[in-house]
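Biologist: I would like to go through this model with you. For each label, tell me what stands behind it.
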Amino acid sequence: MITLPEPTAVLDAANRLQGIANRTPVHTSRTLNQQTGHQIYLKCENFQRVGAFKFRGAYNAVSQLSAAQKAAGVVTHSSGNHAQGLALAAKLLGVKATIVMPEDAPAIKRAATAGYGATIVSCPAIEREAVCARLIDEHGYTLIHPYDNPHIIAGAGTAALDLLQEVEALDLIFTPVGGGGLLSGTALAAAASQPSCRVIGVEPAVANDAQRSWQTGEIVRLTAVPPTLADGLRTRFVGEHNLPIMRQYVSDILTVTEDEIVETLKFLWTRLKLVVEPSSAVALAPILMGKIPEPGQRIGVILSGGNVDVAQIGALF
């Protein structure tokens, strides 16, 4: 039987991260508000340490390991942002980190992970969980799962907690969803801070396992890595800790097309001057595309990160 984190776990994580994680800015835009008919507040986790919200959960998790676990080292599998977050958190806490990365992980994320001192093990994306398990058997590492971990969930939720404490009376918060760490953490943060605020997850339509899992109550597992531009959301299934939280606290999960992701990303880059990665654009896309029918909503959006190959994405525009 798994133990699920309570909303108060996000408050505890915030205390643990005080002075360690950046208090990232909340960005507003009259252009965005006029175009959507809503008051939009963008929580810019692209300005977080390692360039993504993932540092929050990683530090919260590693800091709570026992001395023996820290001495043995930690391991995870990640396409990039969690890899960087764990690498830096481990470095700050004096812990060895080994990262299993898909062979097609963005070069910018691979280089940054190595720069923080982690050992990188490459493999086909479909094999990353199995390779991770083998390394744990061989070396006794502790797995710091990218999303299916109570401390990761609570740490991720501190981004939304910051936003909710800074901007009062939000009607909605939108966040991207891959494995469910950020979405479930955001939902717990809202439950702890502003229970009336509805939490909405958004994922690529070609990777809608989270939506289907949330609707049915059973974890839907994709047979292949989904072919979405949003590389941070190329997970095949949500976590066992994440889905029950999502089912209890999340109001809806929406999907957006690849074209909508690109159009939103272009808007963020060119109109708002925010260099974020495609996964961040996913959360804003349904709002920008006019899919929120009730006008005049106060909406928070978690821009999850900004680790992106500028030349590769810029070519899409």
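The dialogue below sets values against their definitions.

Modeller: This is a predicted model, where local features need pLDDT of at least 70, side-chain atom pairs count only at pLDDT 80 or more, and totals for chains, interfaces and linings use all residues. Residues are numbered from 1 along each chain as its sequence is written, and side-chain values use heavy atoms, with hydrogens and water left out.

Biologist: How many helices and strands does the protein have?

Modeller: There are 14 helices and ten strands. Both are DSSP runs numbered from the N terminus: helices are H or I with at least four residues, strands are E with at least two.

Biologist: How do you know whether the radius of gyration agrees with a compact globule?

Modeller: Take the rule: 2.2 Å times the number of residues to the power 0.38, with the radius of gyration taken over C-alpha atoms. For 317 residues a compact globule would have a value near 20 Å; the protein has 18 Å, so the two agree. Along the principal axes, the C-alpha atoms fill a box of roughly 55 × 45 × 40 Å.

Biologist: What share of the residues counts as buried?

Modeller: The share is 57% of the 317 residues. Buried means under 20% relative accessible area, exposed means over 50%, and partly exposed is in between (1.4 Å probe, protein chains only).

Biologist: What part of the contacts joins residues 24 or more positions apart?

Modeller: Among contacts with a separation of 6 or more, such pairs account for 74%. Contact means heavy atoms within 4.5 Å.

Biologist: Why are H3 and H5 called oblique to each other?

Modeller: The axes of H3 (residues 54–62) and H5 (residues 81–92) come within 8 Å and cross at roughly 40 degrees. Axes are lines fitted to C-alpha atoms, for helices over the stretch in contact, and angles run from 0 to 180 degrees between N-to-C directions. Under 35 degrees is roughly parallel, over 145 roughly antiparallel, 65 to 115 roughly perpendicular, and the rest oblique. H3 and H5 are therefore oblique.

Biologist: Which hand does the crossing have, and which residues of H3 make the contact?

Modeller: H3 passes H5 in a right-handed crossing. H3 supplies Lys-54, Phe-55, Ala-58, Tyr-59 and Val-62, while the residues from H5 include Gly-85, Leu-88 and Leu-92. By class, the contact has eight nonpolar, three polar and one charged residues. Ala, Val, Leu, Ile, Met, Phe, Trp, Tyr, Cys and Pro count as nonpolar, Asp, Glu, Lys and Arg as charged, and the others, Gly among them, as polar.

Biologist: What makes H10 roughly perpendicular to H11?

Modeller: Their axes come within 9 Å and cross at roughly 65 degrees. That makes H10 roughly perpendicular to H11. The crossing is right-handed. Ala-210, Ser-213, Trp-214, Gln-215 and Thr-216 of H10 meet Leu-243, Met-246 and Arg-247 of H11. These residues divide into four nonpolar, three polar and one charged.

Biologist: Which residues of H10 are buried, and what covers them?

Modeller: The buried ones are Asp-209, Ala-210, Gln-211, Ser-213 and Trp-214. Their cover includes strand S8 (198–204), helix H11 (242–249) and strand S9 (252–256). After H10 comes Gly-217, with a positive phi near 85 degrees.

Biologist: Arg-56 and Arg-298: why is each called buried, exposed or partly exposed?

Modeller: Arg-56, in H3, has a relative accessible area of 2% and so is buried. Its contacts beyond four places in sequence include Glu-45 and Asp-162. Arg-298 lies in strand S10 (residues 298–303). At 27% relative accessibility, Arg-298 counts as partly exposed.

Biologist: What makes the phi of Ala-169 and of Lys-273 stand out?

Modeller: Ala-169 has a phi near 55 degrees, a positive value in a residue other than glycine. Lys-273 likewise has a positive phi, near 60 degrees. Ala-169 sits in the loop between helix H8 (150–166) and strand S7 (172–176), and Lys-273 in the loop between helix H12 (258–270) and helix H13 (278–288). With a relative accessible area of 51%, Ala-169 is exposed; Lys-273, with 61%, is exposed.

Notes. A crossing is left-handed if the near helix is turned anticlockwise from the far one by less than a right angle, and right-handed if clockwise.
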